Amino acid sequence: MYVCLTNRCHGNCNYCPEKKWFSANEFRPAQDMSLELFNIILHQYERVKNFTLCGGEVLLYPYLDQALTMAGEAGFSLTVCTSLLGDSNYLQYIVDRHKDTARIWDVNIDFIDERKGEFIYNLWQVLNKVQVNMFCTLGMGELAVPRAVEKITAVLDSFANEKKPIITLDTELPVMITEGCYFDFTPVVRAVVENITAKFPGARFNIRQCLATCELNRESLADLANLHISDKTSYCSENDNVLLPDGSVRWCFAMPEVLLGNITEYRDAEMVDEMKRLYKDTLMPKFSFPKKCRQCENFNPAKCFGVCFAKVPI
């Protein structure tokens, strides 16, 4: 499960569901989760004892210190998803004070080309203190490969004689911006891995694939010895709900405008699981696609999920 603490962020990525209403093509106003709501979430998910904090940029959440203290006192072990951009002294304070609670840091390297020095400095503030996983979001179009290669190269260069970290290649895009829902990331993944391996023979990669929007021919990538493709995907897994700053429950990152209700309406996490089951088994079975879907030139009942707004301009 992901808990979106804030939609404040350093960037304005046009694909980010936290910054935009895709159906209206408008940016959302800044919004921060209240500590009262965060406390409700801790009680609702007491049986789980772990989830991922995300944004926006988590480090811009004004109550981060208090929220992590509350989670630690409740016995939670959390993952923090961040770009690491921000005040280095504050970052070091948060890491040192809450390393027993925020034990895993998922670091998005997508902004490294804009603020490389700041990113690298902050990265070395958290290494060896907490577990750090790094991921790069792969884009579409002719610039997708060179941009990803540039970012990953900048990170690996900073490790010099150190062991190179594993980089996760994230093939996850909101359905609203992909043509006909699906985009084949296979050639992009291969090009990125081959380019980086030529520079850093010891580089290693994971894949985080979204089944809702991304095609990936695993067999054709099997010859890439330094690429590990997990069976786990980021669509429709048990932990893919996103809780927004106002308590709304989003189906997953890939479907940013499919909401399942509000966490304050339910007694415990089992109710959210029940809503997921109802949505999957009742509201959107394969035989009941909307007429607009069935008339779409890209319609494929084996791949589509009935919530495509691909024609909305970004």
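1. The accessible surface of the protein comes to about 14,700 Å², and carbon and sulfur atoms hold 51% of that area. This value, like every other in this note, is computed from a predicted model, and should be read with that in mind. Of the 314 residues of the protein, 51% count as buried.

2. In secondary structure, the protein comes to eight helices and 15 strands. Turning to contacts in the protein between residues with a separation of 6 or more, 72% of them are accounted for by residues 24 or more positions apart.

3. On the side of H2, the contact is made by Leu64, Asp65, Leu68 and Thr69, while H3 brings Tyr90, Tyr93, Ile94, Arg97 and His98 to the contact. Sorted by class, the residues in this contact of H2 with H3 are five nonpolar, two polar and two charged.

4. Is Thr79 buried or exposed? Its relative accessibility is 14%, and since buried means under 20%, Thr79 counts as buried. Setting aside neighbours within four places in sequence, Thr79 is in contact with Phe51, Thr52, Leu53, Ile104 and Asp106. With Thr52, one of these residues, the separation in sequence is 27 residues, whereas the distance in space, C-alpha to C-alpha, is 4.5 Å.

5. The last point concerns another threonine, Thr186, which is found in helix H6, residues 186-199. Thr186 has a relative accessibility of 9% and therefore counts as buried, the cut-off again being under 20%. If residues up to four places away in sequence are not counted, Thr186 touches Glu215, Leu216, Asn217, Ser220 and Leu221. Which backbone atom lies 2.8 Å from a polar atom of the side chain of Thr186? It is the backbone nitrogen of Asn217, and Asn217 is also one of the residues that Thr186 touches.

Definitions and conventions: Residues numbered from 1 in each chain as written. Predicted model: local features only at pLDDT ≥ 70, side-chain atom pairs only at ≥ 80, totals over all residues. Heavy atoms only, no water. Contact = heavy atoms within 4.5 Å. Helix = DSSP H or I, 4+ residues; strand = E, 2+ residues; numbered from the N terminus. Nonpolar A, V, L, I, M, F, W, Y, C, P; charged D, E, K, R; others polar. Buried < 20%, exposed > 50% of the residue type's maximum accessible area, 1.4 Å probe, protein only. Areas by Shrake-Rupley, 256 points an atom, 1.4 Å probe, with all protein chains shown as cover. Polar contact = N/O pair within 3.5 Å; in protein donor to acceptor, adjacent residues only side chain to side chain.
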